[in-house]
Amino acid sequence: MKSRNRSTSSGALRTLFAALAVTAFGLTTLSAPANAAVQGSAGNTIIRNTVSVSYSDAGGTAQTAVTAKVDITVTTVNAAPTIKAVTPSPGSTGATGATQVYAVEIVTNSNGPGSISLTASDGSATNITLSATTPAVAAPGSVFLGSSIIDPNNAGFLGVAQNVAVGGTITFNIPNDGGVPTDSATTGGATGNGIVNALTTGDTVYLYDGTNYYGKFSVTTVTDNAVGTGGSAAFSTITLQNPASATLPVAFTPAYGWMIVEAKTLNVTVTQGVITTPTNPATWTTTFTGTMGGQTGTGNVITNATSGLLSVAKYVRNVSTAVVGGTSIAPPINGGGATFYQTGVSGKPGDIMEYLYVITNSGTGAVKAVVATDAVPTYTTLRSSSAAYGADATGGATGTIAIARRTGNSTDQAIKADNSAGNIATAFGKSTGTTAGSIMTYYLGNGCSTTAGGDLTAGEIAYVVYRLKID
Amino acid sequence: MKTAPPSIPILLCTCALVTLTALPSWAKPKMEVAITAGKEVVETVKGEKTRKSVSAHSAQSGDTLTFTVKYKNTGNEAATNAVINNPIAAGMSYIDNSVTGANADISFSIDGGKNFKKASFLTYEVKLPTGTTEKHTARPEEYTHIRWTIKSVPAGGSGELSYKVKVK
């Protein structure tokens, strides 16, 4: 057993004394859980050891007792902080440049006050900004957190079940800090400044038994007493209130050595960068690292990114002489009815062949700047003014666009919007010529121009159709 | 009349002796006490590691500290029944068998200094829910006080007592 039980030897023990069986030398002890994670003594605690000597003279007459004392100050030990919560979890972003703000709550595990820095990192697809914090802290990316412990001098509380109602308070004695720390530095404080080990009114704290956290609580009062000249250093007090926002249990049975640890929340903005290799679902993990004196504690959060996932398939049909091939599609363009094939279509010189691209965004987010290029095949000539696919083409389903290249000149031109009941999507197209090897370029999707592609939102399909004549 | 004068010094002499013995309050024991804290550090001198005790002003959880109590009777009479009482400060726990004290009767308390007993006799009882009573021997870390009782410290006599604690 670790030392926590001896807590009961002074305070609660004496209370139990009456309640339980007591023998001539009877003392009752309670078993408190041994938690290796908590440090028994708060940093800056003044442990005063006072020795006294009473004696008599040779004749047996009692003489005035004499005393001597020595003070030891407990050192604050750096400890890996805990990333207590990241909200929301998981988060999500839209397309490139979209942001998600995470509230990252850090809790100290040190036995005393100290500065904790926060960093965040993830894959190359994102960039991260440490932004405004709640509450505001002096330096972005770092917080100064206080810590103390429940003092052994808490008779009536220790080992006795407590349940702090919403709005209710509980006051603990905590070790004297000698007035040394401020709310934001390990030195420079003064006795009576209302700050003990960087814990002060308005702070948010948890109670921690080494395994479980309780609270969180708001600090409403801190008395910062002078050490005094007594046999032991005078203790200070801290009053904790259960705010309506407590997220963890507020019913607990406190023991000597439980830590009272401060928590602060930093807001971290994650910005979605370009996802160079689209995948669905696109996710990444951001790791938050809190560091105190080289000791690190980490927490992760997953960000779900919406990402486009583009595929393209090419089909052909013989307009002049119908040829049935394999793997067919009957696209909902131009009133429908025409069937295109991926394989098995043949033609003879002079036949008109009609080519079809089907460009599908099967992802969860938009694809941007969609540009398709194709070359007029050898032994063919691009047809211009293909009457079958004019400005009056109809029949596209909602969310689709049907486009047809109508002219073979090399100037930019609008070629087709989809049927007006669906998304408004525009396409432009051009070709460097009509002879074999000419390059056809199509600017597709919402917001496209004669020089740049637009967006295809999730689920959208673009159809691109043009005609060739076999030489 | 040559015999009378010599009697005067004798009388004076007697007076002086009487005066000395008639004022016993001049002889008094006067105990003085001091306490210091030390911790052991490992020092490397010329490649040799040696353990050395240094004065401690600070400590951290888990450290072992040695408290040394020095007493001296600076009076001119023996001090009797000297009881040196040292509560084990909150935040520290006594380390078993670490106490020293020549010529002293050493006892401990687990109840805040109300009762003192030899370590092996320190027991407490717990009444279980079943109604039976269990007897436990106190663990060293449960000790709340150490007491040294010294029957007599002669005038000018001094001594040193010590014990070790672990910082919680």
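This briefing describes how chain A and chain B meet. The model is predicted. In it, 53 residues of chain B are in contact with 44 residues of chain A. About 3900 Å² is buried between the two chains.

**Buried area**
- Carbon and sulfur atoms give 61% of the area buried between chain B and chain A.
- On the side of chain B, the residues that lose the most area to chain A are Val33(B), Ile35(B) and Lys168(B).
- Together, Val33(B), Ile35(B) and Lys168(B) account for 15% of what the chain B side buries.

**Polar contacts and salt bridges**
- Across the interface, 14 residue pairs are in polar contact, with both residues of each pair at pLDDT 80 or more.
- The number of salt bridges counted between chain B and chain A is 0.

**The side of chain B that touches chain A**
- Elements of chain B that give two or more residues to this side are β1 (31-45), β3 (58-59), β4 (64-73), β5 (79-87), β9 (123-127) and β12 (158-167).
- Strand β5(B) supplies the largest share, 9 residues.
- By residue type, this side of chain B divides into 27 nonpolar, 14 polar and 12 charged residues.

**Strand pairing between the chains**
- Strand β5(B) also pairs with a strand of chain A, namely β1 (residues 46-56).
- The two strands run antiparallel and are joined by 4 bridges.
- Val53(A) has Ile84(B), a residue of β5(B), as its bridge partner.

Conventions: Residues numbered from 1 in each chain as written. Chains lettered and ligands numbered in written order. Predicted model: local features only at pLDDT ≥ 70, side-chain atom pairs only at ≥ 80, totals over all residues. Heavy atoms only, no water. Contact = heavy atoms within 4.5 Å. Buried area = accessible area lost by both parts, 1.4 Å probe. Salt bridge = Lys/Arg side-chain N within 4 Å of Asp/Glu carboxyl O. Polar contact = N/O pair within 3.5 Å; in protein donor to acceptor, adjacent residues only side chain to side chain. Nonpolar A, V, L, I, M, F, W, Y, C, P; charged D, E, K, R; others polar. Pairing = 2+ DSSP bridges.
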